[in-house]
Amino acid sequence: MSIAEPGDLTVITGASSGIGAVYADRLAAEGRALLLVARRPDRLEQVATEVSYRHGVSVETMVVDLEQPQDLARLEARLERERVAMLVNNAGGGSLGPTARSTADRLERLIRLNIVALTRLSVAALSGFRERSGGTLVNLGSIVAHAPSAGAAVYTGTKGYVANFTRSLQLEYADSAIRIQLVMPGPIRTEFFSSQGMSDSVFPDSSFLTAEQLVDAALAGLAAGEAVTSPSMPAPEIWDALETARQQYLSSTFSGQVAPRYRSAAPAAPAQRRPSILRILDDLSS
Ligand SMILES: NC(=O)c1ccc[n+]([C@@H]2O[C@H](COP(=O)([O-])OP(=O)(O)OC[C@H]3O[C@@H](n4cnc5c(N)ncnc54)[C@H](OP(=O)(O)O)[C@@H]3O)[C@@H](O)[C@H]2O)c1
């Protein structure tokens, strides 16, 4: 299936810092006209000015708070109205810390940003992609999609959603010329932690990539036609093993029988083993 991108505009959310600002630079270097989206007008303008000066492309900014339904609707309308070639759903927050110390309203705002906005913008972009028989959707997930964690209950939940949503869309659009990529960053040196009043030291120093390394690898994965790109995972066999285990788990649940361990009077409690990454995120709850 050939890849087509019949559109004029590349839209990047969360482009005022970190990963989004690097996407802006790299995609402008490809000669794309950009629409950069975030809340902080000064930081957005700074990125736009630098990128357009460096690469000589048209760069427009749109100040949008994706947690606010009216702002989100303004951006959706633009995605539906314009010939969008590519959407990078990068804006995201963490609200890290124990759920008991947060509020339901704060957690709902995170869900609106990480799930509702990403979903509505994906749907709006895909409708144009279908009309024009092509386009590229990139959704930023996280490795925590595989790491339920104390101190990041809603964050890991939202990234689990992003992963399943995006991979399900890939199945729906498998026979089309529309490209859909899920990017799974590990720890990346950005303002992500500091903007939440935390230090990067929740993860070992040696585990971080720069935003430039992450985006360059993600774009290499996209060019290679990868559906899921995990830039810091050295061996692709690890992903294959995860997929195999997932499929084995799924097919085993189609047995149509209650598992023998639940048929005795007092079933033994299954051992709960926790991967080591959880201990790092557990520190957030102390
Ligand atoms: N850094 C990591 O270790 C890491 C790891 C895995 C995944 N990720 C994911 O990577 C993506 C980018 O994060 P980053 O590391 O580059 O962090 P970042 O530097 O804090 O960037 C987050 C971006 O999202 C924008 N944003 C936040 N809330 C918004 C809102 N309500 N409306 C519109 N824009 C909003 C921010 O801009 P304004 O504040 O100007 O609105 C900023 O441009 C996120 O989805 C994050 O979950 C990061």
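This note goes through a predicted model point by point, from the whole chain down to single residues.

1. Overall make-up. The protein contains 8 helices and 9 strands. Its radius of gyration is 20 Å, close to the 19 Å that the globule rule gives for 286 residues, so the protein is as compact as a globular protein of that length. Along the principal axes, the C-alpha atoms fill a box of roughly 70 × 45 × 40 Å.

2. Burial and contacts. Of the 286 residues in the protein, 47% are buried. Take the contacts between residues at least 6 apart in sequence: 70% of them join residues at least 24 apart.

3. Helices H3 and H4. Helix H3 covers residues 69-81 and helix H4 covers residues 104-132. Their axes come within 8 Å and cross at roughly 20°. An angle under 35 degrees counts as roughly parallel, and H3 and H4 are therefore roughly parallel to each other. Their crossing is right-handed.

4. What H3 and H4 touch with. On the H3 side the residues are Leu72, Leu75, Glu76, Leu79 and Glu80. On the H4 side they are Val116, Ala117, Arg120, Leu121, Ala124 and Ala125. The residues of this contact divide into 8 nonpolar, no polar and 3 charged.

5. Helices H4 and H5. H4 also packs with helix H5, which covers residues 153-172. The angle is about 15° and the axes are 9 Å apart, which makes H4 roughly parallel to H5. The crossing of H4 and H5 is right-handed.

6. What H4 and H5 touch with. H4 brings Leu107, Leu110, Ile111, Asn114, Ile115, Leu118, Thr119, Ser122 and Leu126 to the contact. H5 brings Val154, Tyr155, Thr158, Lys159, Tyr161, Val162, Phe165 and Leu169. By class, the residues of the contact of H4 with H5 are 12 nonpolar, 4 polar and 1 charged.

7. Glutamine 170. This residue sits in helix H5. Its relative accessible area is 15%, and under 20% means buried, so glutamine 170 is buried. Apart from neighbours within four places in sequence, glutamine 170 is in contact with Ile180, Gln181, Leu182 and Ala227.

8. Glycine 186. This residue is in the loop between strand E6 (178-183) and strand E7 (188-189). Glycine 186 has 16% relative accessibility and therefore counts as buried. Leaving aside neighbours within four places in sequence, its contacts are Ile143 and Ser232. Glycine 186 and alanine 104 are 82 residues apart in sequence, and their C-alpha atoms are 27 Å apart in space.

9. Serine 95. Most residues other than glycine have a negative phi. Serine 95 has a positive phi, near 45°, and is not a glycine. Serine 95 lies in the loop between strand E4 (84-89) and H4. With a relative accessible area of 17%, serine 95 is buried.

10. Serine 133. Here too the residue is not a glycine, yet phi is positive, at about 55°. Serine 133 is placed in the loop between H4 and strand E5 (135-140).

Terms used
Residues numbered from 1 in each chain as written. Predicted model: local features only at pLDDT ≥ 70, side-chain atom pairs only at ≥ 80, totals over all residues. Heavy atoms only, no water. Axes fitted to C-alpha atoms, helices over the stretch in contact; angles between N-to-C directions. Helix = DSSP H or I, 4+ residues; strand = E, 2+ residues; numbered from the N terminus. Parallel < 35°, antiparallel > 145°, perpendicular 65-115°, else oblique. Left-handed = near helix turned anticlockwise from the far one by under 90°. Contact = heavy atoms within 4.5 Å. Nonpolar A, V, L, I, M, F, W, Y, C, P; charged D, E, K, R; others polar. Rg over C-alpha atoms; globule rule 2.2 N^0.38 Å. Buried < 20%, exposed > 50% of the residue type's maximum accessible area, 1.4 Å probe, protein only.
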